[in-house]
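Keep the structure in view while reading.

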Amino acid sequence: MFKPDDIVQSKTGGPKMLVLQVKGETLYCARVDDAEKKEIEVPASSVNLYHEDGDFGVC
């Protein structure tokens, strides 16, 4: 469902994240505003693809 370079956001809100790699149901992401691209491990079931609606990000 998700692939590297997708932009995702937690279903509960929070910062946009760039998918770096996918291993099964685990995504390895980095916040798009993190210059160091610190890797964050998140379950694929906890995020949605990011899209903007007007001035706000909406899942």
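In this predicted model, buried residues account for 27% of the protein's 59 residues. The protein exposes about 4000 Å², and carbon and sulfur atoms supply 50% of that area.

The secondary structure consists of 0 helices and 7 strands. Along the sequence this gives the pattern β-β-β-β-β-β-β. Among contacts between residues at least 6 apart in sequence, 30% join residues at least 24 apart.

How are the strands arranged in the sheet? An open sheet of 5 strands has the order 4-3-2-1-5, and its pairing is antiparallel. Strand 4 (40-43) and strand 5 (47-49) stand at the edges; each has a single partner strand, so one side of each lacks a neighbour in the sheet. On average, neighbouring strands of this sheet are turned by 50° against each other, direction ignored.

One of the pairings can be followed in detail. Strand 3 and strand 4 run antiparallel and are joined by 4 bridges. Tyr28 has Glu41, in strand 4, as its bridge partner.

In soluble globular proteins, nonpolar side chains tend to be buried together. Here the largest nonpolar core has 9 residues: Phe2, Val8, Met17, Val19, Leu27, Cys29, Val42, Ala44 and Val47. Strand 2 (17-23) and strand 3 (26-31) are the elements that give two or more residues to this core.

Val42 is one of the core residues. Leaving aside residues up to four places away in sequence, Val42 touches Glu25, Thr26, Leu27, Cys29 and Val47.

Key: Residues are numbered from 1 along each chain as its sequence is written. This is a predicted model: local features need pLDDT of at least 70, side-chain atom pairs count only at pLDDT 80 or more; totals for chains, interfaces and linings use all residues. Side-chain values use heavy atoms; hydrogens and water are left out. A nonpolar core is a set of buried Ala, Val, Leu, Ile, Met, Phe, Trp, Tyr and Cys residues joined through side-chain atoms within 4.5 Å. Buried means under 20% relative accessible area, exposed over 50%, partly exposed in between (1.4 Å probe, protein chains only). Contact means heavy atoms within 4.5 Å. Two strands pair if DSSP finds at least two bridges between them. Axes are lines fitted to C-alpha atoms, for helices over the stretch in contact, and angles run from 0 to 180 degrees between N-to-C directions. Accessible areas come from the Shrake-Rupley method with a 1.4 Å probe; for residues, only the protein chains shown count as cover.
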